[in-house]
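Subject: Structure handover

Hello,

Here is the structure I said I would pass on. Please open it and keep it beside you while you read the notes below.

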Amino acid sequence: MSDIATQRQAHALAAIKQAIGTEAAEDGVDLFVSHHREELPASYWRQYLGQTEPDTAGIIGLLQFASAWGEDEREYIDFTLPGDVTQYVLSVHFDDAGAIDSISMES
């Protein structure tokens, strides 16, 4: 993996964490968290977090790199939960200047 790809992944994860609870996160980060908190069984959360009722930070802390795509495979970076339990990802979009311009929940 290139240095740019590694930097973008780290930048994307930091942006996801910073967006928690903000207006910008309502249709992306917060939706992803609430959906999975409701849909996944307590046994999943116990396995990965050691608790049956996870908080937002715990769920976001589980995110794993899923894919990079778009121009030079650096325009979009997707993250998902471990264990192949969902079709949904948090997709972070970078503009032409390399700045993050959106975070959305996608399938």
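Helices and strands here are DSSP runs, numbered from the N terminus; a helix (H or I) has at least four residues and a strand (E) at least two. Keep that in mind for Thr 86, which sits in the loop between β2 and β3. Please also note that this is a predicted model.

Overall layout

The protein has four helices and four strands. Read from the N terminus, the order of the elements is α-α-α-α-β-β-β-β. Along the principal axes, the C-alpha atoms fill a box of roughly 40 × 30 × 20 Å. Of the 107 residues, 35% are buried. Among contacts with a separation of 6 or more, 38% are between residues 24 or more positions apart.

Helix α2

Which residues of α2 are buried? In this helix, residues 29-39, they are Val 29, Phe 32, Val 33 and His 36. Seen down the axis of α2, the buried residues fall within an arc of 95 degrees, so they line one face of the helix. The spacing has a simple background: an α-helix has 3.6 residues a turn, so residues three or four places apart point the same way. Glu 38 and Glu 39 are exposed, on the face of α2 turned away from its buried side. The buried residues of α2 are covered by elements including α1 (3-19), α3 (42-49) and α4 (56-61), and also β2, β3 and β4 (100-106).

The strands

β1 and β2 pair in the antiparallel sense over five bridges, with Phe 65 opposite Phe 79 in β2. β2 also pairs with β3 in the antiparallel sense, over four bridges. In that pairing, Ile 77 has Val 92 in β3 as its bridge partner. Is β2 enclosed or open to the outside? It is largely enclosed by the rest of the structure, because four of its five residues are buried.

Ile 103 is in strand β4. Its relative accessible area is 17%, and the cut-off for buried is under 20%, so Ile 103 counts as buried. Leaving out residues up to four places away in sequence, Ile 103 touches Ala 15, Ile 16, Ala 19, Gly 28, Val 29, Leu 90, Ser 91 and Val 92. Two of the names in that list have come up already: Val 29 is one of the buried residues of α2, and Val 92 is the bridge partner of Ile 77. Ile 103 and Ile 77 are 26 residues apart in sequence, and their C-alpha atoms are 9.6 Å apart in space.

The loop between β1 and β2

The hairpin of β1 and β2 has six residues between the strands, and Gly 70 in it takes a positive phi near 95 degrees. Asp 72 is in the loop between β1 (64-69) and β2 (76-80). Phi of Asp 72 is near 55 degrees, a positive value in a residue other than glycine.

What does Asp 72 pair with? Asp 72 forms a salt bridge with Arg 74, and their closest N and O atoms are 3.8 Å apart. The count for the model is one salt bridge. In general, side chains of opposite charge can pair when their charged atoms come close. Asp 72 counts as exposed because its relative accessibility is 56%, while Arg 74, at 26%, counts as partly exposed.

The loop between β2 and β3 (89-94)

Asp 84 lies in this loop. Asp 84 is not a glycine, yet its phi is positive, at about 50 degrees. Asp 84 is exposed, with a relative accessible area of 74%.

Is Thr 86 buried or exposed? With a relative accessibility of 18%, Thr 86 counts as buried. The side chain of Thr 86 makes a polar contact with the side chain of His 36, at 2.7 Å. A polar atom of the Thr 86 side chain also lies 3.0 Å from the backbone nitrogen of Tyr 88. Apart from neighbours within four places in sequence, Thr 86 is in contact with His 36, Thr 80 and Leu 81. His 36 is one of the buried residues of α2.

Regards

Key: Residues are numbered from 1 along each chain as its sequence is written. This is a predicted model: local features need pLDDT of at least 70, side-chain atom pairs count only at pLDDT 80 or more; totals for chains, interfaces and linings use all residues. Side-chain values use heavy atoms; hydrogens and water are left out. Buried means under 20% relative accessible area, exposed over 50%, partly exposed in between (1.4 Å probe, protein chains only). The arc is that of the directions from the helix axis to the C-beta atoms. Contact means heavy atoms within 4.5 Å. A salt bridge is a side-chain nitrogen of Lys or Arg within 4 Å of a carboxyl oxygen of Asp or Glu. A polar contact is a pair of N or O atoms within 3.5 Å; within protein, one must be able to donate a hydrogen and the other to accept it, and residues adjacent in sequence count only if both atoms are side-chain atoms. Two strands pair if DSSP finds at least two bridges between them.
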